Amino acid sequence: MATTEQKRDYYEVLGADRSATRDQIKQAYRKLALQYHPDRNKAPDATAKFREIAEAYAVLSDDAKRREYDTGGHAGVSERWSTEDLVRDFQFGDFFGGRFDDLSSIFGDFLGRRMWPGQAQGVARGTDLRYDLDLTLDEAAQGDERLLQVTRSEKCQTCKGSGAKPGTKPTPCGDCKGTGQKQQVRSSKGMKLVTVLTCDHCRGRGLFIESPCLTCQANGYTFAPHSLKVQIPPGVDDGMVIRLAGQGESNANGGQPGDLLIRTHLRPHPLFQRQGDDLYTAVPISFAEAALGTKVSIPCLGGETVHVTVPAGTQSGTALRLHGKGMPRLGGKGKGNLLVIVEVRTPTDLTTRQRELLQEFAKLETRKK
Ligand SMILES: [Zn+2]
Ligand SMILES: [Zn+2]
């Protein structure tokens, strides 16, 4: 791709004055575009020249883009729009009244075919696939290698993706002359309006298949189950997406395959609640234990048990922090904490003796005040 320094001044390209009106810019462009259009001009540099002209016009014919260019130059424009952006929405066909219909071959290398929505199947990436992966909290903490069974399309082995019966070949579609699209030209208020439609004869592929491949019904691809290994990073959280590039639907027409997007779903854990990298768990103790202090055993993820001292006089709802006993942080940067929430239980079924003792205790409490 040309760097901004190598680009010529857009006004200079069009041979227009900096103060030129929109109409003057359009006039200048029209004259040059007709002169350099590769359908008419067979000079070897005509295509490059035409592209330069078209890009200059795409910027200078748009008020916002022209302002950006006037103040920031090429750098200002390229910061906000790629060359692709500049020319994508640009109605070349409209401008030429549909006279030249194969502009995609001129702009194809930097526009892709995005310029022509009807041909999107031609070079577009295959579809992304989504996979929902259920994980337990332990699995999310450990990380793991998982084998996923994914049904996705792959190039038909019988016809090698052409969609035509072996021994036959797809032929350029007669309806659209192999472009995969049709232009519908309408005139309204002296303007030519060109609508680009997908050719329904060849479904936009530009090729027509006389004898379809029986394996894939002329699609060029078949659906097949695949086993894919995926590495689950330790610490993965609910709703995260793991992207396996190129493992989505393949594209029979030669484009890049899509990606496989694996969304993780964490099953609720009976003991632990997760918040980011921290885990929360509750431990019930009696009010006597809370007052006198005690030791409790806390089960941690991965089967480990930790003994924790609950200090005398602990209030209900107090969180005891166990450093490094939470979830692993993504990217291997240590672990979060486990927060043990102390729940003081009030006894409900006192024996006679317990009741006596508590009444005694209550009297002492009152006297203290
Ligand atoms: Zn086939
Ligand atoms: Zn067609």
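Four donors count as tetrahedral if all angles lie between 85 and 135 degrees. Keep that in mind for these exercises on a predicted model, where local features need pLDDT of at least 70 and side-chain atom pairs count only at pLDDT 80 or more. Residues are numbered from 1 along each chain as its sequence is written.

**Exercise 1: the zinc site**

Find which atoms coordinate the zinc ion (ligand 2), and work out their arrangement.

*Solution.*
1. Look for donors, meaning N, O and S atoms within 2.8 Å of the metal. Here they are the SG atoms of Cys 173, Cys 176, Cys 199 and Cys 202, at 2.2 to 2.3 Å.
2. Check the angles: the four donor atoms subtend 101 to 119° around the zinc ion (ligand 2), so the arrangement is tetrahedral.
3. Trace the donors along the chain, where their spacing reads C-x2-C-x22-C-x2-C. Cys 173, in the loop between strand 3 (171-172) and strand 4 (181-188), is 26 residues from Cys 199, in the loop between strand 5 (191-198) and strand 6 (207-208). Strands are DSSP runs of E with at least two residues, numbered from the N terminus.

**Exercise 2: two faces of a helix**

Which residues of helix 2 are buried, and which are exposed on the other side?

*Solution.*
1. Helices are DSSP runs of H or I with at least four residues; helix 2 spans residues 22-36.
2. Buried means under 20% relative accessible area and exposed over 50% (1.4 Å probe, protein chains only). Ile 25, Ala 28, Tyr 29, Leu 32, Ala 33 and Tyr 36 are the buried residues of helix 2.
3. Because these cover an arc of only 125° around the axis (taken from the directions to the C-beta atoms), they lie on the same side of helix 2.
4. On the other side of helix 2, Asp 23, Gln 27 and Lys 31 are exposed.

Notes:
Chains lettered and ligands numbered in written order. Heavy atoms only, no water. Expected span 1.5 Å × (residues − 1). Donors = N, O, S within 2.8 Å, 3.2 Å for Na, K, Ca; no water. Tetrahedral: all angles 85-135°; square planar, octahedral: opposite > 155°, others 65-115°.
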